[in-house]
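Please look through the chain below from one end to the other before reading on. The report that follows takes up single residues and then the chain as a whole.

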Amino acid sequence: MRYLKVLALVILFFVSMVFFIQNTPELSKEVVLSMSLLDFTFTSQSLPYYLLILVAFCAGSFLCLIYFMADKVRLSGQLRTCRTKMANLEQEVNSLRNLPLDGQNYPSAEESEENAQ
């Protein structure tokens, strides 16, 4: 499975490099971003498209990393809780297994069926 992941990453890298090489003139064009909110107006410097794509990719990767790290922390907490519960239940089973049997004779399955009829 690890080799398939590496192969997928290599293919993704190759396709993205081909995309950037074939579209260099279009991606080098510049764009000015602006935002108006109430009386506040923000206007950026001229930015090439490839820089916007790169920044968006890095921001998306960073957000995914944060999401998956939070999920890993949550799942490790659940795993710790389940392991503690499992250890307590195993201890309870062992303590019940080691209880001494009292002197009573318990009916076998056949005798209990006969008494039920």
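In which helix is phenylalanine 14 found? Phenylalanine 14 is found in helix α1, which covers residues 2-22; helices (H or I, at least four residues) and strands (E, at least two) are DSSP runs, numbered from the N terminus. The model is a predicted one, in which local features need pLDDT of at least 70 and side-chain atom pairs count only at pLDDT 80 or more, while totals for chains, interfaces and linings use all residues. Residues are numbered from 1 along each chain as its sequence is written, and side-chain values use heavy atoms, with hydrogens and water left out.

**The surface around phenylalanine 14**

Phenylalanine 14 has a relative accessible area of 57% and is therefore exposed, given that buried means under 20% relative accessible area, exposed over 50%, and partly exposed in between (1.4 Å probe, protein chains only). Together with Met1, Leu4, Leu7, Ile11 and Val15, Phe14 forms a nonpolar patch on the surface, and the accessible area of these residues together is about 680 Å². Patches are made of residues with over 30% relative accessible area and no salt bridge, where like charges are joined within 9 Å and nonpolar side chains (Val, Leu, Ile, Met, Phe, Trp, Tyr) within 5 Å. The areas themselves come from the Shrake-Rupley method with a 1.4 Å probe, and for residues only the protein chains shown count as cover.

**The salt bridge**

Side chains of opposite charge can pair when their charged atoms come close. A salt bridge is a side-chain nitrogen of Lys or Arg within 4 Å of a carboxyl oxygen of Asp or Glu, and by this rule the count comes to one. Arginine 74 forms a salt bridge with aspartate 71, and the closest N and O atoms are 2.6 Å apart. Because the two residues are three residues apart in helix α3 (residues 49-97), arginine 74 and aspartate 71 are separated by about one helical turn. Arginine 74, at 45% relative accessibility, counts as partly exposed, and aspartate 71 counts as partly exposed at 22%.

**Aromatic pairs and cysteines**

A pair of aromatic rings is described by the distance of the centres and the angle of the planes. Rings of Phe, Tyr and Trp (its six-membered ring) pair if their centres lie within 6.5 Å, and planes under 30 degrees apart count as stacked, over 60 as edge-to-face and the rest as tilted. A search of the whole structure finds two aromatic pairs, which are set out here.

| Aromatic pair | Centre to centre | Angle between planes | Arrangement |
|---|---|---|---|
| Phenylalanine 19 and phenylalanine 20 | 5.6 Å | 75° | edge-to-face |
| Tyrosine 67 and phenylalanine 68 | 5.4 Å | 65° | edge-to-face |

Phenylalanine 19 counts as partly exposed at 41% relative accessibility, and phenylalanine 20 counts as partly exposed at 29%, whereas both tyrosine 67 and phenylalanine 68 are exposed. A disulfide is a pair of cysteine sulfur atoms within 2.5 Å, and the structure holds zero of them. Cysteine 58, with a relative accessible area of 44%, is partly exposed, and cysteine 64 is partly exposed with 42%.

**The two strands**

Where does serine 44 lie, and is serine 44 buried or exposed? Serine 44 is found in strand β2 (residues 40-48), and at 17% relative accessibility it counts as buried. Not counting residues up to four places away in sequence, serine 44 touches Val32 and Leu33, where contact means heavy atoms within 4.5 Å. Phenylalanine 42 also lies in strand β2; it is partly exposed, with a relative accessible area of 43%, and, leaving aside its neighbours within four places in sequence, it is in contact with Leu33, Ser34 and Met35.

Leucine 38 is found in the loop between β1 (30-37) and β2, and at 84% relative accessibility leucine 38 counts as exposed. Most residues other than glycine have a negative phi, and most peptide bonds are trans. Phi of leucine 38, however, is near 55°, a positive value in a residue other than glycine.

**The chain as a whole**

The secondary structure of the chain comes to four helices and two strands, and from the N terminus on the elements run α-α-β-β-α-α. Of the 117 residues of the chain, 4% count as buried. Among the contacts in the chain with a separation of 6 or more, residues 24 or more positions apart account for 9%. The chain exposes about 11,300 Å², of which carbon and sulfur atoms supply 66%.
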